[in-house]
Number of protein chains: 4
Amino acid sequence: MSERPGFASDNHAGVHAEVMDAVVAANAGHAAAYGGDPWTARAVERFREHFGPSARAFPVFNGTAANVLSLIALTQPWQAVVCARTAHLHVDECGAPERAGRKLLTVATPDGRLTPELIEPLLVRIGDEHAIQPRVISVAQSTELGTVYPPDAVAALADWAHSHGMLLHVDGSRLANAAASQGVPMRALTTDVGVDALSFGGTKIGLMGAEAVVLLRADLPDGFKYLRKQSMQLASKMRYISAQLDALLAGDLWRRAAEHANAMARRLADAVDGAPGLRITQPVEANAVFAILPPDATARLQEDWPFYVWDEATGEVRWMTAWDTSPDDVDAFAAQARAELSAAARPSP
Amino acid sequence: MSERPGFASDNHAGVHAEVMDAVVAANAGHAAAYGGDPWTARAVERFREHFGPSARAFPVFNGTAANVLSLIALTQPWQAVVCARTAHLHVDECGAPERAGRKLLTVATPDGRLTPELIEPLLVRIGDEHAIQPRVISVAQSTELGTVYPPDAVAALADWAHSHGMLLHVDGSRLANAAASQGVPMRALTTDVGVDALSFGGTKIGLMGAEAVVLLRADLPDGFKYLRKQSMQLASKMRYISAQLDALLAGDLWRRAAEHANAMARRLADAVDGAPGLRITQPVEANAVFAILPPDATARLQEDWPFYVWDEATGEVRWMTAWDTSPDDVDAFAAQARAELSAAARPSP
Amino acid sequence: MSERPGFASDNHAGVHAEVMDAVVAANAGHAAAYGGDPWTARAVERFREHFGPSARAFPVFNGTAANVLSLIALTQPWQAVVCARTAHLHVDECGAPERAGRKLLTVATPDGRLTPELIEPLLVRIGDEHAIQPRVISVAQSTELGTVYPPDAVAALADWAHSHGMLLHVDGSRLANAAASQGVPMRALTTDVGVDALSFGGTKIGLMGAEAVVLLRADLPDGFKYLRKQSMQLASKMRYISAQLDALLAGDLWRRAAEHANAMARRLADAVDGAPGLRITQPVEANAVFAILPPDATARLQEDWPFYVWDEATGEVRWMTAWDTSPDDVDAFAAQARAELSAAARPSP
Amino acid sequence: MSERPGFASDNHAGVHAEVMDAVVAANAGHAAAYGGDPWTARAVERFREHFGPSARAFPVFNGTAANVLSLIALTQPWQAVVCARTAHLHVDECGAPERAGRKLLTVATPDGRLTPELIEPLLVRIGDEHAIQPRVISVAQSTELGTVYPPDAVAALADWAHSHGMLLHVDGSRLANAAASQGVPMRALTTDVGVDALSFGGTKIGLMGAEAVVLLRADLPDGFKYLRKQSMQLASKMRYISAQLDALLAGDLWRRAAEHANAMARRLADAVDGAPGLRITQPVEANAVFAILPPDATARLQEDWPFYVWDEATGEVRWMTAWDTSPDDVDAFAAQARAELSAAARPSP
């Protein structure tokens, strides 16, 4: 019934066995609804273990919601969110932030990463009521282009944000990948370097469907529980969501799963690098490989392997690896890619 | 870890074993995300089997979303939704409909059920731009008071709505209970009697967390898929939600589960009826028993059994049964209730 | 070109000559836009003179906006506004508050006036995330039924609101009428008795079109200027609006205009009271008379005089007087009403 | 009391005498409120005269509202509006479109003008529910950079839009200037070339405060009157707004006023062109002159004359002329500018 494992997206992968076991185990009799259950209490505690004692975690259903609710919680309606022009928030949410009444200000970047220098020009009209007022910087970690922010880059953004009366949000739909990639705990990329709020992603790293808004600063306003309910994101039988988060965070599953996915991307990049006509376009720092190759080769590869063209204009493709990508599949795909590219490069007789 | 099974809510119950098996079975390799998977195709087909060939089903995460998205899809921003004053939509969604920009017009009812006669006075200002324009009637089936609408009552509402340029929506978070209670298929309460759109509820009848917006009329406008995404209700790994809906609807699980829950409510009502100082306040037509009893007795019962006081002012309580409520628990609870009530009624020496 | 002066609404009246003179006088060369002009500075100062040094006034275009913007400024999206079921906000704004994302909780009243006792039952679910959280009480002064709140009634509401973590807003579209009726300055009904924010109405008392949001408490959050702009209520050539407000508030025009309108309502009530088949249904405390009379008499009167039926079911009508209603018109109308009613009461031969 | 006439904005100018006379004349007794008056009937008819028999005009208070309401009326929430990156809509409305739930997709342009070629790349994801769906192209006429679209450029955009299932909206806050500049009637830039909806601007061309949404196509959906009311833009005493629009459109005031403003911009551009260190950066096609000059010279000029720096980074300034700009002021300003620039260019001794 399922499709051939490929490189389309890490959300094509299924649920890690340890997570499924936890979901099944949570199916034990009655439990209070809407988060009043012991699984949720434990998951919330896990977030404090990972992100510090001030972390307040609120499970939600998906990443769209984690991002949108985080940003609503951090802003007034006349305050804008600054993000990269390639941000998922901007290009892949069907206008969900705007539907919720928030304007995004986008910034072109070479590699999906924001810097204070890139953002600074947006601040020229602070106090001018005709201009939306920038309030939050939102960065994806890892980025939509498979790059990561090192801790000091995040710290620089946080410091700059705070010195300008702004806040820093991390869209962490792949935070585990970014942390594993750099060999640091997740708090080294968030709490420890001044991040104010986090969208924590679990689904792409082996959960069935579980994300969380994590407010990291103690002085953020209360009321988030109402916002979650009103925004249609309060799960009735929350225990089955919380059990997933608990399974991911209780031990080192988050790291194992992310390290594997990252290693597979590295393996794939290494295996195709140097093939004729192929150019890897972004640093491979998490679980994605971006490359430009001839459209013909792309088309033939897609007959056998699911993956997406990222930019029709340039022929750039995206190959995502997941927690369950097998080395054999990587090797088989890379071999086929090299073969297609070599054939294309050979002069026709 | 779990709480003592009681009568607090049908969403305190867990997941039916057949459903959990289906979720586990869906965990087979890779599958396209966002509903492009075979489980979702099958679930969508199940809805057509149950609700007719025009039914377009869109899985969403929870009941709040099923209701709010249905209503947005059926209205313009200047059009109102008419509902009972006791409607979940009005009293238990933390203003989610209004946050989405829709006004509710509420109507007092004796038993949670709307009728054309009750709604008619709201139509006096059609065409007057100062007045919100009523467009949708939303009825809960079964109602929040445990009563049901028979098919002809639904038909009367639908006919009346259509003859006044309005539409009929069913909040079917407990539609299975209403259908089982009356021994009819679910379409007898919806498609066959003119209902335009349905919020289909699965969570309370044994799913882990799966509901659906079902557009029943072929001539409703397109675009719902965008609305779902933008409203943060498009599941990434949708197969795990669709597998639940498929399990519920493929055979007769929906009916078995609902019949059991309903029977337990009936059993409970019969067992306490006539106890001194207790009065059953609503017809027991689905899986809820509403009763008024002395606050002291309520307080002592709550020490052992979870359930909610519905109305502090009158002492009315709500006892919900679920797909997994055991006859033994019903009997034990009823016996304890009778004992408390008899003790309270005995003259002090 | 204009219609016969009648009793339809105080906004059918034109612009007071002193106001029109001020508008014409403001047409002097160039002036900074968006409120950076001297007329606006002066109008804002007038509000401080009337409402105390903490009053921050923001001119807006109309009463709908003054109310909606006030309420958004005082609430989070998950907080509700409590108002009378007859409130203009609820029945005559085409859902503007809900379109802006705020839920109203309505309370039935005998005479359009809220009291703490009427509101108290709404507070049973504070802290429950499933329930919208009441945050603001909004009262109309004078009410939509032509009654007024005396200072101590406002004080009682304000004290009760504050002791429950709530705020008090006054919809003062006819505040001048209410103050004039009671012989008190407008601050005796607002600032001095604990009101937090005010929609100040000028249009109905002789302006061309000018209202203001007035934040009365110094500790209300900043940012209103952005909210006004974003809500499409920042006037480009604001001087022409501010000049109207200045003309109304600089001297005693507000009081003269209101006293006249009130006196005309009193005169009308006195003139028709006791006529056969007519019953005055509300205390005549401002510039409205509510009465029930036979529909036939109403229909014949409407042939000659514009006015509205308030309640088709009971035959209740509303007669509004304005700053320019003439005693002669009142007398002529009352005479005609008495004649119609007497004719109707006479037994047919 | 007023400021020195300068070149800050055309909304610093006052009200044309013919318009003020019309406002005063409208102050004649009672009139029905909310647009039920004869002045509004006449203004609506004037729009039909100018824009054809299908034109449905709805007066509103300001340009922000005219734009936002037009765009809401033309789109579903999941549909985007395409505009130039310099559009007022994007940079000067404090996020009003997004607050109303609509996302803008912005396009960089050399001169404020969109073309089909610039927009085409935005259409790559039609039908993809993750991507907001482009639905309306909004162009400003004249543009924010003082350039105009000729009729055939508008026609090309309209044709392209319609052939892609899209609509064309004109932000006509300075439509009169654009038409006068090209010697064509306003319908030659709108109705005759396929424009679907128009924000008609009156305030900047000599009105006190009056704009209109004009739906040009007969097949646009109904319901706009509710949207206007709900969006807080229905004027109570509308006659005073409609009388302004009538005065502007009844004869040729719109053209006289626009021609004068345009001529003053031309005169200014001619007078400063060639001054040392000054470069005119945009074609002068309406009532604005954009120029880069040394910041020192700008600063000294601003001591005597109000005007805005458009781009701090490049030193570009904007000089707007108005219906009442005097040739003497233009000449005096230009002379002073040339003097400052010559002094700055002279080598220090």
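**Entry 1: across A and B**

Which side chain of chain B does A:Glu93 meet in a salt bridge? I looked it up, and the partner is B:Lys229, at 3.2 Å from N to O. For a salt bridge I take a side-chain nitrogen of Lys or Arg within 4 Å of a carboxyl oxygen of Asp or Glu. The rule finds 2 salt bridges across the interface of chain A and chain B.

Before going further, I note that this is a predicted model, where local features need pLDDT of at least 70, side-chain atom pairs count only at pLDDT 80 or more, and totals for chains, interfaces and linings use all residues. Residues are numbered from 1 along each chain as its sequence is written, chains are lettered from A and ligands numbered from 1 in the order in which they are written, and side-chain values use heavy atoms, with hydrogens and water left out.

Next I counted polar contacts, and 38 residue pairs make one between chain A and chain B, both residues at pLDDT 80 or more. A polar contact here is a pair of N or O atoms within 3.5 Å; within protein, one must be able to donate a hydrogen and the other to accept it, and residues adjacent in sequence count only if both atoms are side-chain atoms.

I then asked which elements of chain A give two or more residues to the side that touches chain B. They are helices H1 (17-25), H2 (38-51), H3 (63-74), H5 (96-99), H9 (224-230) and H10 (239-250) of chain A. H3(A) gives the largest share of that side, 5 residues. Helices (H or I, at least four residues) and strands (E, at least two) are DSSP runs, numbered from the N terminus.

In total, 56 residues from chain A and 56 residues from chain B take part in the contact, where contact means heavy atoms within 4.5 Å. The two chains bury about 4,800 Å² between them, with 57% of it on carbon and sulfur atoms. Buried area is the accessible area (1.4 Å probe) that two parts lose on being put together, summed over both.

**Entry 2: the axis of A and B**

I superposed chain A on chain B: a rotation of 180° with 0.0 Å of shift along its axis does it, at an RMSD of 0.0 Å. The two copies are thus related as by a two-fold rotation axis. Both copies use the same surface, as 100% of the contact residues of chain A recur in chain B. Which residue of chain A comes closest to the rotation axis? I found A:Phe61, its C-alpha at 3.6 Å. Copies are superposed by least squares on the C-alpha atoms of residues with pLDDT of at least 70 in both.

**Entry 3: C and D**

I turned to the other pair, and 56 residues of chain C are in contact with 56 residues of chain D. Between them about 4,800 Å² is buried, of which carbon and sulfur atoms give 57%. I count 2 salt bridges between chain C and chain D. In a salt bridge, the side chain of C:Glu93 meets that of D:Lys229 (3.2 Å, N to O). H3(C) gives the most to the side of chain C that touches chain D, with 5 residues.

Chain C goes onto chain D by a rotation of 180° with 0.0 Å of shift along the axis (RMSD 0.0 Å). In chain C, C:Phe61 has the C-alpha nearest the axis, 3.6 Å from it.

Is C:Arg174 buried or exposed? I find it buried, with a relative accessible area of 8%; buried means under 20%, exposed over 50%, and partly exposed in between (1.4 Å probe, protein chains only). C:Arg174 lies in the loop between strand E5 (167-172) and helix H8 (175-182) of chain C. Its side chain makes a polar contact with the side chain of C:Asp10, at 2.6 Å. Leaving aside neighbours within four places in sequence, C:Arg174 is in contact with residues including C:Lys204, C:Asn287 and C:Arg318.

I also checked C:Trp39, in helix H2 of chain C. C:Trp39 is buried, with a relative accessible area of 6%. C:Trp39 and C:Leu245 are 206 residues apart in sequence, yet 9.2 Å apart in space, C-alpha to C-alpha.

**Entry 4: a sheet in chain A**

Last, I traced an open sheet of 4 strands in chain A, in the order E8-E9-E11-E10 with antiparallel pairing. Strands E8 (279-280) and E10 (308-311) of chain A stand at the edges, each with a single partner strand, so one side of each has no neighbour in the sheet. Two strands pair if DSSP finds at least two bridges between them. E10(A) and E11(A) (residues 316-320) pair in the antiparallel sense over 3 bridges, and A:Tyr308 stands opposite A:Arg318 in E11(A).
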